[in-house]
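Here's a quick tour for anyone opening this structure for the first time. Take a look at the view below, and then we'll walk through a couple of spots in it.

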Amino acid sequence: MKITIAVDCMGGDHGPVVTVPGSLAFLSKHPNAETVLVGREEELSPLVEKAPAGLKSRLRIYNATQVVGMDEPPASVRSKKNSSMREAIHLVKHGEAQAAVSAGNTGALVMISRFALKTLPGINRPAICFALPTIKGHIYALDLGGNVDCTPEHLFEFGIMGAMLASALDHNERPTVGLLNVGTEEIKGNELTRRAGELLQASNLNYYGYIEGDDIFKGTTDVVVCDGFTGNVALKTSEGLGKMLGTFLREEVRRGPLTMLMGLVAMPLLRRFRNRANPGHYNGAVLLGLRNGVVLKSHGSADAFAFEQALARAADAVSNDLIQRLRDRLDTMMGPNGEDA
């Protein structure tokens, strides 16, 4: 199966110097994949020029002269008709690509994806969903930044989407759904979480109840639901903690000759720890709830390796027919009119 991914090469903190090498590395490991590099041709061409002929034959450059800045309001994507982000999404809309990947402005990406690719029946807002590692395996968390201001109904929809993703990908017929809160007692939380908890409790979902921040990495539930503001803070905090622990470990190993010798002996163990804790290995969050295509959000500060992982996740979503599988699961969780079954 040939997979074509549209890449917003201008998005993110680093732009083409990261997105193009990441795309080339992705192509070298996925012989059945092709990419459309979307961005300013004069910036992309020199980075592609020295690539092996076998890789160059599986990519093309789509010239887009405008860029949606990371600090611009999301609505700016509407006025920038030839932005790399908009054009990448429209390649998916028009069937020239099956997925799009961007490290750019999150709000703008959610807006243009929702407008161009529409949402599944009964889903009002797509959510950024990420598979976080836990001591038990992984957990699906959403929303992680796509929707900063949410209603209880939005959180309820996130619970449905997270459950159907876990069901479709993990073959888990009754995944547990937890609602992130400041405590597990019924009286805890604000009006948003309490009302959302009532909606989830009354649904046919396998609702676990409130969970706290430490439950995320314990793997207490299969799905964690939260608003985008809370989810993004939790995600960035966990990434910062991972980097801090890695720094502390390197400092301790280099403290003296004896510790350096011990570090050399333990090098295979340290490498495995680094790989498991490296956020770059988990880069790439799916924009869940879209009807007509796959969109993945890469971390804005991703390096080439991390961006490559986001492309690999997009290819995996396409090859596993994620959209259709989610539609099938949605039919069993919601009625024909998009209502809770």
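## A strand and its partners

Strand E10 (residues 285–288) lines up with strand E11 antiparallel, with two bridges joining the pair. Keep in mind that this is a predicted model. Within that pairing, Ala285 sits opposite Lys297 of E11. The two strands form a hairpin with five residues between them, and here Gly289 adopts a positive phi near 110°.

E11 also has another partner: strand E4 (residues 99–102) pairs with E11 in the parallel sense, over four bridges. There, Val101 is found opposite Leu296 of E11.

Here are the two pairings laid out together:

| Partner of E11 | Sense | Bridges |
|---|---|---|
| E10 (residues 285–288) | antiparallel | two bridges |
| E4 (residues 99–102) | parallel | four bridges |

## Over to a loop

Now for Glu186, which you'll find in the loop between strand E7 (176–180) and helix H8 (191–202). Why does Glu186 count as exposed? Because its relative accessibility is 72%, and the cut-off for exposed is over 50%.

Setting aside neighbours within four places in sequence, Glu186 is in contact with Arg194 and Tyr210. Arg327 is another matter: it lies 141 residues from Glu186 along the chain, and the C-alpha atoms of the two are 33 Å apart.

Terms used
Residues are numbered from 1 along each chain as its sequence is written. This is a predicted model: local features need pLDDT of at least 70, side-chain atom pairs count only at pLDDT 80 or more; totals for chains, interfaces and linings use all residues. Side-chain values use heavy atoms; hydrogens and water are left out. Two strands pair if DSSP finds at least two bridges between them. Buried means under 20% relative accessible area, exposed over 50%, partly exposed in between (1.4 Å probe, protein chains only). Contact means heavy atoms within 4.5 Å.
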